[in-house]
Amino acid sequence: MVTVNRGSRKPRGFDAAYDSEELGTSEWLETTIADPVPHEGTPGVASWGTRYTPFRMDGAEPREASLTEAERLSDGGHLGFKGWAAEVAACLETIGAPAAALGSETRDALVSRYRAHQHPALAAAVLIAASLADPLAA
């Protein structure tokens, strides 16, 4: 943690940059949810993670979602999202749904679900419903 000593001056524009998240400090801070909300018998989300911190379910270790240095530097590299997607895939596997259900949505749609903080079990249920509806629409 970095702090400015009491009585010391911050650089000009620091507060404005910090408040607008230009400094990117929020990407490095892991926020743990005090009372995670469970979803239909599954644990709640303890931490949504960030680009550099992992996604984690309540009472569990973060899912392995390693990123290469190139992925970290790219727009697609996001440790929190990758952990969330791994948890959605695990939910699909637990239900016995084909892992292909995860591929039925675009990456942008999945990122939108992650950013909206959609519980992985709910996202898995929605993906299963969508994959079942696709053959019926054809």
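These notebook entries record what I looked up in a predicted model of one protein.

**Entry 1: conventions**

I number residues from 1 along each chain as its sequence is written. The model is predicted, so I take local features only at pLDDT of at least 70 and side-chain atom pairs only at pLDDT 80 or more, while totals for chains, interfaces and linings use all residues; side-chain values use heavy atoms, with hydrogens and water left out.

**Entry 2: confidence**

I looked up pLDDT, the predictor's confidence in each residue, from 0 to 100. The protein has a mean of 78, and 75% of its residues reach 70 or more. By element, the lowest mean pLDDT, 53, belongs to helix 2 (residues 69-73), and the highest, 93, belongs to strand 1 (residues 45-47).

**Entry 3: elements and totals**

I took helices (H or I, at least four residues) and strands (E, at least two) as DSSP runs, numbered from the N terminus. The protein has five helices and two strands, and their order from the N terminus is α-β-β-α-α-α-α.

I then listed burial, where buried means under 20% relative accessible area, exposed over 50% and partly exposed in between (1.4 Å probe, protein chains only). Of 138 residues, 33% count as buried.

**Entry 4: helix 3**

Buried residues of helix 3 include L79, F81, W84, V88 and L92. After helix 3 comes G96, with a positive phi near 90°.

**Entry 5: L102**

I next examined L102, in the loop between helix 3 and helix 4. L102 counts as buried because its relative accessible area is 19%. Not counting residues up to four places away in sequence, L102 touches A85, V88, A89, L92, L110 and L127. The C-alpha atoms of L102 and A86 are separated by 9.8 Å, at 16 residues apart along the chain.

**Entry 6: R113**

R113 belongs to helix 4 (residues 107-115). Is R113 buried or exposed? R113 is buried, as its relative accessible area is 18%. Beyond residues up to four places away in sequence, R113 touches W84, E105, Q118, A123 and V126.

I searched for salt bridges, meaning a side-chain nitrogen of Lys or Arg within 4 Å of a carboxyl oxygen of Asp or Glu. The count is one salt bridge. R113 forms a salt bridge with E105, with 2.8 Å between the closest N and O atoms.

**Entry 7: aromatic rings**

Rings of Phe, Tyr and Trp (its six-membered ring) pair if their centres lie within 6.5 Å; planes under 30 degrees apart count as stacked, over 60 as edge-to-face and the rest as tilted. How many aromatic pairs result? I found five aromatic pairs. W48 and F55 form an edge-to-face pair, at 5.5 Å centre to centre and 65° between the planes. Both W48 and F55 are buried. One aromatic cluster is formed by W48, F55, F81, W84 and Y114.

Terms used. Contact = heavy atoms within 4.5 Å.
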